[in-house]
Amino acid sequence: MRSNIGRNILNVLGYLAAFLIIQYVMMLVVGTIWLVVKGTTLSAAINQVATGMLANDGMALAIITAASSVVTILVFMLLRWSPFSRTYLRSRPWGVLFWVFVLTFGTVIPSEWLLEQLDVEMSESMQHVFEQIMSTPAGYVAIGLLAPLAEEMVFRGAILRVLLKVFDRRWHWLPIVISAVLFGAVHGNMAQFLHATLLGLLLGWMYYRTDSIVPGVVLHWVNNSIAYVIFNLLPQATEGKLIDLFDGNQRAVWMALGFSLCILLPSLFQLNERMKRQH
């Protein structure tokens, strides 16, 4: 029994290490190839990638992010670290997926409001990298489409799946919290850590209830898509606080927060009713 627990914990650490190594290696390899293709010498390209000179090249960052996600998906699928199955989709869970879609819209303003109350902001360097990626169409492919699938395979399909084997079912929230914290930590800054951890709790809960990453992929996709659309259509929303978005009208902020909760809470109720764990 103890040997199985130890093996599972080592597996979790291995999955996390593999995810981080893939990100780092793809940054070096793809970043270097990108610069060499553009005419930079190999030694100069390696130096520029190592010193973070690609931070101003949105297309390069998007390609690196997309490539990292593709490799992650292939590795975790081919090695069966995140088992692939159509069982959940065959159950036609369209009601669940609809409410996941609705739920995500209800999390946007409350999440931003909470971060503002905690006075947590993304660092300028991370904000710059984020803006560079989101400013290109390729950035949506990387952040909106590929990253949700890759990250759900790693943090729910692999890490949480194995952690749920370590703990008794009565303590299922513990592995959900652990996987959520790990998910938040890999984002590398406090603002995204808090947001991703809270989101990770929802994602973990949905995985536990359904034994599938599909609902999580949908939530993750909608969340990242909203961020992309807001950045490109409402740039003022990414440069200030909620009150700036509502032209300094605090009452409008409270109304928006209340409206969001009117979406969030019924969605959670519906999902709780529809995602009854069978075993």
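Which residue forms a salt bridge with Glu 152, and how far apart are the closest N and O atoms? The partner is Arg 156, and the closest N and O atoms of the two residues are 2.7 Å apart, where a salt bridge is a side-chain nitrogen of Lys or Arg within 4 Å of a carboxyl oxygen of Asp or Glu. The model is predicted, and local features need a pLDDT of at least 70, side-chain atom pairs count only at pLDDT 80 or more, and totals for chains, interfaces and linings use all residues. Residues are numbered from 1 along each chain as its sequence is written, and side-chain values use heavy atoms, with hydrogens and water left out.

## Overall fold

The chain has 13 helices and zero strands, with helices (H or I, at least four residues) and strands (E, at least two) taken as DSSP runs and numbered from the N terminus. The radius of gyration of the chain is 20 Å, close to the 19 Å that the globule rule gives for 279 residues, so the chain is as compact as a globular protein of that length; the radius is taken over C-alpha atoms, and the globule rule is 2.2 Å times the number of residues to the power 0.38. Along the principal axes, the C-alpha atoms fill a box of roughly 60 × 55 × 35 Å.

Of the 279 residues in the chain, 42% are buried, a word that here means under 20% relative accessible area, whereas exposed means over 50% and partly exposed lies in between (1.4 Å probe, protein chains only). Among the contacts in the chain with a separation of 6 or more, 76% come from residues 24 or more positions apart, a contact meaning heavy atoms within 4.5 Å. The chain exposes about 14,900 Å², and carbon and sulfur atoms supply 67% of this area, which comes from the Shrake-Rupley method with a 1.4 Å probe; for residues, only the protein chains shown count as cover.

## Charges and salt bridges

The chain carries 18 positive and 15 negative charges, whose mean positions are 22 Å apart. In this count Lys and Arg are positive and Asp and Glu negative, while His and the chain ends are not counted, and the place of a charge is taken as NZ of Lys, CZ of Arg, CG of Asp or CD of Glu. Side chains of opposite charge can pair when their charged atoms come close. The count of salt bridges comes to two, and both are listed here.

| Salt bridge | Closest N and O atoms |
|---|---|
| Glu 152 and Arg 156 | 2.7 Å |
| Lys 38 and Asp 57 | 3.4 Å |

The pair of Lys 38 and Asp 57 has its closest N and O atoms 3.4 Å apart. Lys 38 is exposed, at 54% relative accessible area, whereas Asp 57 counts as buried at 16%.

Glu 152 and Arg 156 are four residues apart in helix α7 (residues 137-166), and are therefore separated by about one helical turn; both residues are buried. Glu 151 also lies in helix α7. This residue is buried yet has no salt bridge, the nearest side chain of opposite charge being Arg 156 at 6.1 Å. Leaving aside neighbours within four places in sequence, Glu 151 is in contact with Phe 19, Arg 156, Phe 183, His 187 and His 220.

Met 275 lies in the segment after α13 (250-274) and counts as buried, at 2% relative accessibility. Not counting residues up to four places away in sequence, Met 275 touches Val 96, Trp 205, Met 206, Arg 209 and Thr 210. The C-alpha atoms of Met 275 and Arg 209 are separated by 5.7 Å, although the two residues are 66 residues apart along the chain.

Asn 11, in helix α1, is partly exposed at 29% relative accessibility.

Most residues other than glycine have a negative phi. Arg 80, in the loop between α3 and α4 (87-90), has a positive phi near 60° and is exposed at 56% relative accessibility. Arg 92 lies in the loop between α4 and α5 (94-117); its phi is positive, at about 55°, and Arg 92 is exposed, with a relative accessible area of 65%.
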